[in-house]
Every structure is written in structure tokens, then in C-alpha cells.
Amino acid sequence: MTNYLPGTASLLEDLDKKLMVLLRDGRTLIGYLRSIDQFANLVLHQAIERIHVGNKYGDIPIGIFVIRGENVVLCGEIDTEKDEKLDLIRVPVDEILAAQKVELEAKREKDKLKFKAMQNYGVFFNADAIHEDF
């Protein structure tokens with residue numbers, strides 16, 4: 001049984017393991033954890049950015065990537081056996097980027113409709129805070 005290490009110190013056990021890191025801006029990074037400090041700043045080696053759209057995904061190679069701890073939302077080790085059994089289809093990067101663009105445009109249109117509906121009900125926002133193109 002390993003000793004319990006609170007906070008970022010618990011990541012010391014994950015050094016040299018393959019991790020998935022979800023960032024505050026929504027990006028998903030996968031790579032080998034090479035370094036961590038007291039602020040939860042991470043260094044990923046052989047890192048990729050994985051983009052998911054529906055049941056398809058594409059990987060963009062990044063190399064070495066330094067992540068400020070304040071940008072980490074979620075971090076965990078990847079179980080390679082389970083990863084291989086997932087019902088996901090790998091597609092080329094250009095295809096997944098095109099699919100992501102379509103998905104983002106659809107989300108923007110949906111957000112615009114929500115915003116207009118809320119305005120009709122008397123709820124007002126700073127539109128710039130939601131999307132720049134309102």
C-alpha cells in the first residue's frame with residue numbers, strides 16, 4: 001500500500017506514466033508526465049492534443065508541452081487496455097478539424113438563439129462576454 005500524498009504531491013506517483021489532462025479552455029492533452037512542481041505545473045513529453053467530435057477523434061502531435069497548474073481541470077492516468085477497447089474511430093487531423101469547426105459553428109448558432117430568447121424574457125447580458133460575434 002502506498003502512502004497517501006495530498007494535493008499535487010500525489011502526482012509524483014504518476015511520473016513517467018501516460019496521462020490525459022483536461023485544460024480549462026476545453027482542450028484534451030495526452031502525454032507522458034516528466035515533471036511536476038509545487039504549483040501543479042506539468043511537463044508532458046510526446047504530447048498530443050486529442051480532438052473528439054462524436055465518436056471520432058484525431059490527434060495533433062505537440063511534442064514537449066508545459067502546462068501551468070492553474071489551467072488543469074482534470075488529470076489522470078490512461079489505462080491502455082481500456083483505451084484500445086473504446087468504440088472510437090481515429091480519423092486524419094484535417095478531417096477532425098473540419099468536423100470540429102462545423103460543431104463549433106452549430107454551437108454558436110444555438111447559443112445565439114438562447115441569447116435572443118433570454119433577451120426576449122428580459123434577461124440581459126454583456127454579449128461580448130458570451131461571444132464576440134453577437
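Is glutamate 81 buried or exposed? Glutamate 81 is exposed, because its relative accessible area is 58%. The structure described here is a predicted model.

## Overall fold

The protein contains three helices and six strands. Read from the N terminus, the order of the elements is β-β-β-β-β-α-β-α-α. Among them are strand β3 (42-53), strand β5 (residues 72-77), helix α1 (residues 80-85) and helix α2 (residues 93-120).

The protein has 134 residues, and buried residues make up 24% of them. Its accessible surface comes to about 9600 Å², and 54% of that surface belongs to carbon and sulfur atoms. Among contacts with a separation of 6 or more, 44% are between residues 24 or more positions apart.

## Surface patches

Glutamate 81 belongs to helix α1. Together with Asp79, Asp83 and Glu84, Glu81 forms a negative surface patch. A residue needs over 30% relative accessible area to be part of a patch, and glutamate 81 has 58%.

A nonpolar patch is formed on the surface by Met118, Tyr121 and Val123. The accessible area of these residues together is about 330 Å². Methionine 118 is located in helix α2. With a relative accessible area of 34%, methionine 118 is partly exposed.

## Salt bridges

The count of salt bridges comes to 10. One of the pairs is glutamate 77 with lysine 17, where the N to O distance is 3.9 Å.

Another salt bridge joins glutamate 109 and lysine 112, at 3.7 Å from N to O. These two residues both lie in helix α2, three residues apart, which is about one turn of the helix. Glutamate 109 is partly exposed at 43% relative accessibility, and lysine 112 is partly exposed at 21%.

## A buried pair and its network

Which residue forms a salt bridge with aspartate 59? The partner is arginine 50, and the closest N and O atoms of the pair are 2.7 Å apart. Aspartate 59 counts as buried because its relative accessibility is 9%, and the cut-off for buried is under 20%. Arginine 50 also counts as buried, at 14% relative accessibility.

The pair is part of a network of salt bridges that links Arg50, Asp59 and Arg90.

## A buried glutamate without a salt bridge

Glutamate 49 sits in strand β3. Glutamate 49 is buried but has no salt bridge. Which side chain of opposite charge is nearest to glutamate 49? That side chain is arginine 27, 4.5 Å away. A salt bridge requires a side-chain nitrogen of Lys or Arg within 4 Å of a carboxyl oxygen of Asp or Glu.

Leaving aside residues up to four places away in sequence, glutamate 49 touches Arg27, Thr28, Leu29, Gly58, Asp59, Ile60 and Ile62. One of these, Asp59, is linked with Arg50 and Arg90 in the salt-bridge network.

## Positive phi angles

Aspartate 16 is not a glycine, yet its phi is positive, at about 70 degrees. The residue lies in the segment before β1 (18-23).

Where does alanine 40 lie? Alanine 40 is in the loop between β2 (28-36) and β3 (42-53). Is alanine 40 buried or exposed? Alanine 40 is buried, because its relative accessible area is 15%.

Technical notes: Residues are numbered from 1 along each chain as its sequence is written. This is a predicted model: local features need pLDDT of at least 70, side-chain atom pairs count only at pLDDT 80 or more; totals for chains, interfaces and linings use all residues. Side-chain values use heavy atoms; hydrogens and water are left out. Patches are made of residues with over 30% relative accessible area and no salt bridge: like charges are joined within 9 Å, nonpolar side chains (Val, Leu, Ile, Met, Phe, Trp, Tyr) within 5 Å. Accessible areas come from the Shrake-Rupley method with a 1.4 Å probe; for residues, only the protein chains shown count as cover. Lys and Arg count as positive and Asp and Glu as negative; His and the chain ends are not counted. The place of a charge is taken as NZ of Lys, CZ of Arg, CG of Asp or CD of Glu. Helices (H or I, at least four residues) and strands (E, at least two) are DSSP runs, numbered from the N terminus. Buried means under 20% relative accessible area, exposed over 50%, partly exposed in between (1.4 Å probe, protein chains only). Contact means heavy atoms within 4.5 Å.
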